[in-house]
Structure formats: C-alpha cells, structure tokens
Amino acid sequence: MLYIGIDLGTSAVKLLLMDGEGEIKNIVSKDYPLEFPKPGWSQQDPEDWKKAVLEGVPELLRGFDASQVAGIGAGGQMHGLVVLDKEDNVIRPAILWNDGRTAKQVDYLNNEIGKEKLSQLTANIAFAGFTAPKILWMRENEPDLFARIAKIMLPKDYINYVLTGVHCTDYSDASGMLLLNVEHKGWSKEMLDICGISEGQMPQLFESYEKVGTLKPTIAKDLGLPETVAVCAGAGDNAAAAVGTGTVGEGACNISLGTSGTVFISSEKFGVDPHNALHAFAHADGHYHLMGCMLSAASCNKWLMEDIFHTSDYAEEQTDITPDKLGSNHVYFLPYLMGERSPINDTNARGAFTGLTMDTSRSDLTQAVLEGVAFAIRDSVEVARSLGIEIQCSKICGGGARSPLWKTILANVLNIRLDVPASEQGPGMGGAMLAMTACGAYPTVEAACKKLVRTASAVEPDPELAALYEARYRQFKRLYPALKDVFAGLYG
C-alpha cells in the first residue's frame, strides 16, 4: 500500500508518497505567499494551502496506482489561528506562529491571569506565537469578525477539514494553543472562558495516529483517490518531524534547523519546566515532550543570503569558512529577526551583529549567522540540562541540516553527536507514518519508527573545537542581556 505525507510549512507544502516499507516514491512541493502587512505581523490565506494541496496531490500520484493509497497524514506549522464562520468559510487570513502582534495580550495573560495559573491550566505560559493571545487580539481589534467565529482550528486541521469535512485537531498541535490541559488531554474550560470562546467552537480532539475520517466524495474525485482513503489527525510539524526522525520514547532528542529552530525532547511521562522556558506538549506517539523553539533559524541564513547578499548559492558562500576559522570568528550574531520565543520570550528582541571591524568579511558574517543560530539552540539545551536531562546525542533535520558546515558548528557548540536520518523529509515522513499507524500497518508509532527510520551518518564533536566554542558561547550569552533594554526602547 501507499501513504501520503503532507508537510504544511510556512512557505510551501511538501507532499510525499511512501510505501509501507518506508521508501519514498515521489515528492512534490508547492509554494504559496506569506504576508507581512505590518512590522512583526505574519499571516497567510488558508485558501492558498487548500489550493496547493489539491493541485499537488494529483501531481504527486502521476505515474502511480492511486488505488493503492490507503492513508493520508499531515504535519503542519503550529499555532496559526484559522477561524471559520457557520458556513465553514475562512473569516480572515490565518495569523501565523511567527507573528508578533500580540505583545499586549501576552502581557495580560502572563501578568494579570498569571504565569503560575496558566501553567496549572495548560502546562505552559503565554508566548506571542501561541493561539490564545491571537484570539484575544482578534476579540479586541476585530470584534465584528470575532463575533462570526463558529470554529477555531490550526493550519493542518484546515487541510484535514477540506479532505474529510471533520473539524478536528490532535493533542500535539493543540498543546501549542494555550487552550489545552496538556496533562489530561482536554480543553481547559477556564482558558476558553478567558478567551471568550466556547468548547463548541473548538475542534474534536484525537491522538495524532487516530483516523478522523475518510475523503469526501467530491475531494476523492478531484484528487483521483478512492473514497476509502483514511485521514489521520496528524501532528504539529515538530512532533511530526520527531516521528519522521524516530524521536520517540524516553529521552530521545531531535533538533530541527528549519525556518524556525527547535530542540525536541520526547518523554513517556508528563513533565513541566518550572521556569516555562521550554514548552510542555503532548507528543504524536501518544506520550509527551519538552520543546524549545527559536523563531528564526534557517530563515536567518536565508535572509542574509538572499535579501542582503542577493545570492541563492548558499554552499558557495560557505566555502571560505575553512576549518581553521571555526571557533575563532570575531563577529557575533543575535538571531532574533522576528523577536524570540525560547527561552527569552521577548517580542521586542531583534537581530544584531556585534564585533564588526574594518576587516570583517562577507564570510565572517555568514559564519556569525550559522554560529548565532547554534548558540541560540544551545540556550534551550542548557535549560533542559538544568532540569537534569542528559542530552548526549540528537537527531537533526530541516533545511539547514543539509549544510555539512552548519552541522559541524552545531555539534561542537552543543558538544554532542548529531545523527543524520537517511530521509530529510521529517514532517512529511512523520505524517505518512502516522497514517500507516491509523491504517493498522503498524501497531504503534514506536513500531513504525523502529522499522522505517534509518541513520545515514553522524557528526561527532572535536574536543578542541568544542572548547573554543564553549568560550564563545559564554561571550554570546552576555549580548542579549546587554541589549534587552535597548531593544525595548527602540521597538517596544
């Protein structure tokens, strides 16, 4: 049998076709626009996602026997606010995970409702990217549109609705809404009341690997698929990527260098970071995980390469960064181009180069960006270590993981081994594996991971280089505290 995995990203949807043995048969990508209507705002039209998926699936299936497709599973960008009216029409563009317009609402939730109360109700505190602050923003700034809301969903849930007609979500994605009691896996009535919404406006909750329905007849016809194709609930992109890289069970770690950057630590038991610097979410395998998320990771390098250097040849820009230059760059970069979430939770934080001199070169800036992202990822790793979690190795995925140089830098900044999965298609592969589980091809998500996920290579840290980066990380740690008040004065 065949399975379709959907990776609904921020800039594009990637669709993959995979067989039951984990062999990827085909991949199709469809881009869509991203809107920045005001500084710090980020939104998209869900109809663009729908169009991309409905056009992409027939292209994905071209040359294959569509009758062999048994299931579909999606991993999607988290936290985005998708609102539908009573006729299931989209009311407004989706407010995305990297949108920073909700500083006032985050302040209200964290300081007036209180971080301790939020943590009791949802296992997390408010961050600008989370869904609940966006609902409050909409209630305050768009009351007429707010009054029309009949259903609230997340991005990949809208795609599942398009496919099946079912208003659904899964526990991993719902964990990032600040509306779910993560430990007990149910909507928090108190949080819904705080946001002025009802449980009737929320989607039905499922485990990621559970079947939510089958294709609507009209959709099946449009896609050229049998109506019997099962659609599973799917997962938030990071949980789906964790499945795709085999990051399940107790203590496994995955680092993603995508548009955003994440440190994902799976656990069989529910647990909360007492400082709430790491998110405590449900996992797609039915258990839990802790996650640190930085808002700009590979997107920092994309910004430097394409918007500043006006090049798309990323590899060429890294050729001058020879091994002898690692650990000795005099330039530092703060990667807070969209503000920052974990662990500093500061919407006013911004990107900054420091240490520039007359002999600073183009490659110095490139190296500083790669290192700055690695240092910021280490910030979240250090929080996990402070909780007694030992991270001795990690899987790595995402577009940035295609760079051998960046993997070397990250392995030495963290001083751990990085295992590179054979497949780079983390969220899409994870979605397909969740669909396999929903269809009964594997009894559990863990069983699917054990059978299908393979490691292609590993990057080991070098003790001498790791020591150099240890010293540089200590310097990096001093920069944000020194600039915090400056950022607030400029952009607050």
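View 1. Seven bridges join S17 (residues 261-267) to S19 (residues 288-294), and the two strands run antiparallel. Strands pair if DSSP finds at least two bridges between them. Strands (E, at least two residues) and helices (H or I, at least four) are DSSP runs, numbered from the N terminus. This is a predicted model, in which local features need pLDDT of at least 70 and side-chain atom pairs count only at pLDDT 80 or more, while totals for chains, interfaces and linings use all residues. Residues are numbered from 1 along each chain as its sequence is written, and side-chain values use heavy atoms, with hydrogens and water left out.

**View 2. Seven strands form an open sheet with mixed pairing.** The strand order is S18-S19-S17-S16-S22-S23-S24. Strand S18 (279-282) and strand S24 (455-459) are the edge strands, each pairing on one side only. From one strand to the next, the twist averages 30°.

**View 3. Helix H9 (residues 237-244) lies across strands S16 (253-257), S17, S19 and S22 (393-397).** H9 runs at about 65° to S17. Axes are lines fitted to C-alpha atoms, for helices over the stretch in contact (heavy atoms within 4.5 Å), and angles run from 0 to 180 degrees between N-to-C directions.

**View 4. Cys293 and Cys397 are both buried.** Relative accessible area is 4% for Cys293 and 7% for Cys397; buried means under 20%, exposed over 50%, and partly exposed in between (1.4 Å probe, protein chains only). The whole structure has zero disulfides, a disulfide being a pair of cysteine sulfur atoms within 2.5 Å. The sulfur of Cys293 is too far for a bond because the closest cysteine sulfur, in Cys300, is 12 Å away. For Cys397, the closest is in Cys253, at 10 Å, also too far for a bond.
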